Amino acid sequence: MRKRLGVAAATLLALIVSMVVFTVPAHAAAGFTVSGGRLLDANGNAFVMRGINHAHTWYPSQTGSFADIKATGANTVRVVLASGQRWTKNEAGDVANVISLCKANRLICVLEVHDTTGYGEQAGAATLAQAVDYWISVQSALTGQERYVILNIGNEPYGNQNYQGWATDTATAIQRLRTAGFDHTIMVDAPNWGQDWTFTMRDNAATVFNADPDRNTVFSIHMYGVFDTAAEITDYLGRFVSAGLPIVVGEFGDMHSDGDPDEDAIMATAQAQRIGYLGWSWSGNGSGVEYLDIVQNFNPAGLSSWGQRLINGANGIRATSVEASVYGGGTGSPTPTRTTSPTPTGSPTPSPTGGTGGCTAAYTVSGQWNGGFQGDVRVTAGRAINGWTVTWTFGSGQAVSNAWNATVTSSGSAVTARNVSHNGKLAAGGTTSFGFLGSWTGTNPVPAVTCTAS
């Protein structure tokens, strides 16, 4: 986390380039792997990060923070380290101690080099090549820890200038790590101070993923002021999900000097789509962004309003986090029904398919809890189509609150969902899907749906 971007997000979203849809088998490794666009732990169970960033390199004496972060229910901690270009280097002994603290507190460790922040714009920032040099220098602390450690090569590795080399430099960095013998899952941050307003990571993610000989790379987007609407959030994350590419929200907050991120939409979309998120940051923020402290003065009893939202709010850490199964925790990723009331019998039944003009649609309640539910709709083309519209009418007062992979509008009980730019064109027999979160009272029957195509 560092700077604001100077261009309106709404304008930037006009840059739309389709991503390739594919599924890749997991690399046979001793630790985390990626399969079908999802992160799996060393036992082969889906793992969804629910965690907190901790600025270890600037506050090395705050080792008690690992236990305090675990006490929030978090399953992951992203740890700030330094490679020596801008801050004092964390040597191998310190890295080993950090990993031991993560393991002692049953946390997955995401380790990141912070010196790369804003390269090309920030004076003195390290290159990704220098970050790789650092990881090789501390490799002795990392080898054998693949079950517990994910390697985040470099934090926000480009600013808003000279970011065009992100894809090439990132792919080269991954390949150097693999050649050096690193078998860990690798995480890579977006350019543009992590927020990818130029869509450089989004549009080159498939190329970078395929450059990893292990196919074991996860992409990380940082969501601050650029992501101030639900539409921007669901569109960005939805493109990775549709393309079968693993994505996490590596940093986000509830406000920032560059704008007001929509943390509710970030957390709701992440929960619905089984995407990891890591809030920034535990404590110790300065330079005018002290409001991003989750707790004040490293005191776990001093939750800020942001901390309350992240930890105890809707779709928050305490309600949705599942401990990694390598520590004996859950064996699957959280869903809305895992931490709330069970789904009433029969509610997941899909609606009858309905369609005119070249497509059909099927509506399913895929998860339900007190007052809320997740709906999923699959669209199937009967002929080659260039766009689709799905409509239905709720019969019991339900309402849509947030959607992804479709533009959803409501007029009273009538709901209309239209394709977004990347999933409207379908070949004959082709399918796509979209989802939404909704509210209900009393009953939640499945409505009949109609699909029309252009």
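Which strands does helix α4 lie across? In this predicted model, local features need pLDDT of at least 70 and side-chain atom pairs count only at pLDDT 80 or more, while totals for chains, interfaces and linings use all residues. Residues are numbered from 1 along each chain as its sequence is written, and side-chain values use heavy atoms, with hydrogens and water left out.

Helix α4 (residues 128-137) lies across β4 (76-81), β5 (108-113) and β6 (149-152), and runs at about 130° to β5. Helices (H or I, at least four residues) and strands (E, at least two) are DSSP runs numbered from the N terminus; angles, from 0 to 180 degrees, are taken between N-to-C directions of axes fitted to C-alpha atoms, for helices over the stretch in contact.

Eight strands, in the order β3-β4-β5-β6-β7-β8-β9-β10, form a closed barrel with parallel pairing, where pairing requires at least two DSSP bridges between two strands. From one strand to the next, the twist averages 25°. Five bridges join β8 (residues 217-223) to β9 (residues 247-252) in the parallel sense, with I221 opposite V249 in β9. Helix α9 (residues 263-273) packs on the sheet and touches β3 (50-54), β8, β9 and β10 (276-279).

The largest nonpolar core has 96 residues, of which L111, W135, L142, I153, F219 and I221 touch the most other members. Such a core is a set of buried Ala, Val, Leu, Ile, Met, Phe, Trp, Tyr and Cys residues joined through side-chain atoms within 4.5 Å, buried meaning under 20% relative accessible area (1.4 Å probe, protein chains only). Helix α3 (residues 92-104) gives the most to this core, with six residues.

Terms used. Buried means under 20% relative accessible area, exposed over 50%, partly exposed in between (1.4 Å probe, protein chains only). Contact means heavy atoms within 4.5 Å.
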